[in-house]
Amino acid sequence: MSSVAVLNQKGGVGKTTVTLGLASAAGAAGRRLLVIDMDPQGSASWVLGVDSDPDDVTVADVLSGAPIVEAIRPADGESGWSDGIDVIPAGDTLQGFEAGETGRLAAAFREGRDVLDSYDAVLIDCPPSLGNLTTNALTAARHALLVVEPSALGLRGIGGVADAIDDVWDVSNPDLELSGVVLNRVPAISNEAERRVAELQRIVGRATIWKPPVPARVILNQAVGERRPVHSYASRASDAIDVFDKLWAKLRRTTRRT
């Protein structure tokens with residue numbers, strides 16, 4: 001199983017958009033992928049077609065001890081999502097787990113290993129914080145994938161994220177590694193963005209930054225708003241589709257090495 005925590009403590013950098021773009025690419029490639037929505041806002045769940053229902057088993061229930069298999073829901077095929085894409089929704093009570101044990105998701109992973117091994121990858125969409133929910137995700141994951149917008153505000157707190165990954169590695173998950181950084185909402189021409197990318201390279205190293213970057217495109221916002229995979233827009237989203245196909249291939253290569 002290739003488990004990847006997608007994170008940044010800074011909100012609004014498009015972390016969920018990148019998670020969904022990778023899910024769209026995985027589906028288009030005929031791969032099986034599970035998205036675990038650890039963000040109490042539930043945006044990834046909603047875009048994947050899973051509306052909040054108090055009777056559903058959610059990731060909050062998994063953190064309380066429910067088997068992972070009971071919480072898995074298929075993405076909405078009528079909106080164009082592949083039948084290979086599944087989701088464990090956030091649920092209305094998830095915010096309450098910002099306190100408590102940090103190894104609950106890891107324990108659920110161990111118990112549900114046979115189920116999780118049936119997927120080509122598991123993406124954990126983390127909340128925009130470094131609290132208990134993100135720590136749970138990092139403790140369970142093998143890889144951390146940082147999403148960054150190349151702006152002054154977008155780069156704030158990168159050091160804190162790196163420290164959080166190091167802390168989890170040191171205390172509870174020695175297999176965890178920062179496997180990559182995805183640049184999101186990159187304008188076609190911007191001296192400011194170029195300066196911020198250079199700054200980021202000094203912080204994390206040039207090789208850590210995955211290519212290609214995700215361009216700033218209205219179609220990506222439209223896909224989120226219409227709850228559809230970006231691949232369903234075909235030629236209207238050709239450049240964004242090409243980017244996510246390449247990032248999905250990069251993720252597959254990276255996670256296969258471990």
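In helix α11, the buried residues (under 20% relative accessible area, with exposed over 50% and partly exposed in between; 1.4 Å probe, protein chains only) are Ala-240, Ile-241, Val-243, Phe-244, Leu-247, Trp-248, Leu-251, Arg-252, Thr-254 and Thr-255. The model is predicted, so local features need pLDDT of at least 70 and side-chain atom pairs count only at pLDDT 80 or more, whereas totals for chains, interfaces and linings use all residues. Residues are numbered from 1 along each chain as its sequence is written, and side-chain values use heavy atoms, with hydrogens and water left out.

Helix α11 covers residues 238–256. Its 19 residues should span 27 Å at 1.5 Å a residue; the expected span is 1.5 Å times one less than the number of residues. The end C-alpha atoms are 27 Å apart, which agrees.

The protein chain has 11 helices and 7 strands. Helices (H or I, at least four residues) and strands (E, at least two) are DSSP runs, numbered from the N terminus. For 258 residues, a compact globule would have a radius of gyration near 18 Å, and the chain agrees with 17 Å. That radius is taken over C-alpha atoms, and the globule rule is 2.2 Å times the number of residues to the power 0.38. Along the principal axes, the C-alpha atoms fill a box of roughly 50 × 45 × 30 Å. Buried residues account for 50% of the 258 residues. Of the contacts (heavy atoms within 4.5 Å) between residues at least 6 apart in sequence, 80% join residues at least 24 apart.

Thr-19 belongs to helix α1, residues 15–28. Thr-19 is buried, because its relative accessible area is 0%. Its side chain makes a polar contact of 3.4 Å with that of Asp-125. Such a contact is a pair of N or O atoms within 3.5 Å; within protein, one must be able to donate a hydrogen and the other to accept it, and residues adjacent in sequence count only if both atoms are side-chain atoms. Beyond neighbours within four places in sequence, Thr-19 touches Val-6, Val-35, Leu-123 and Asp-125.

Pro-128 lies in the loop between β5 (121–125) and α7 (132–140). Pro-128 is partly exposed, at 32% relative accessible area.

Two charged ends sit over rings (NZ of Lys or CZ of Arg within 6 Å of the ring centre and within 35 degrees of the ring normal). Arg-32 is placed over Tyr-119, 4.3 Å from the ring centre. Arg-228 is placed over Tyr-233, at 3.9 Å.
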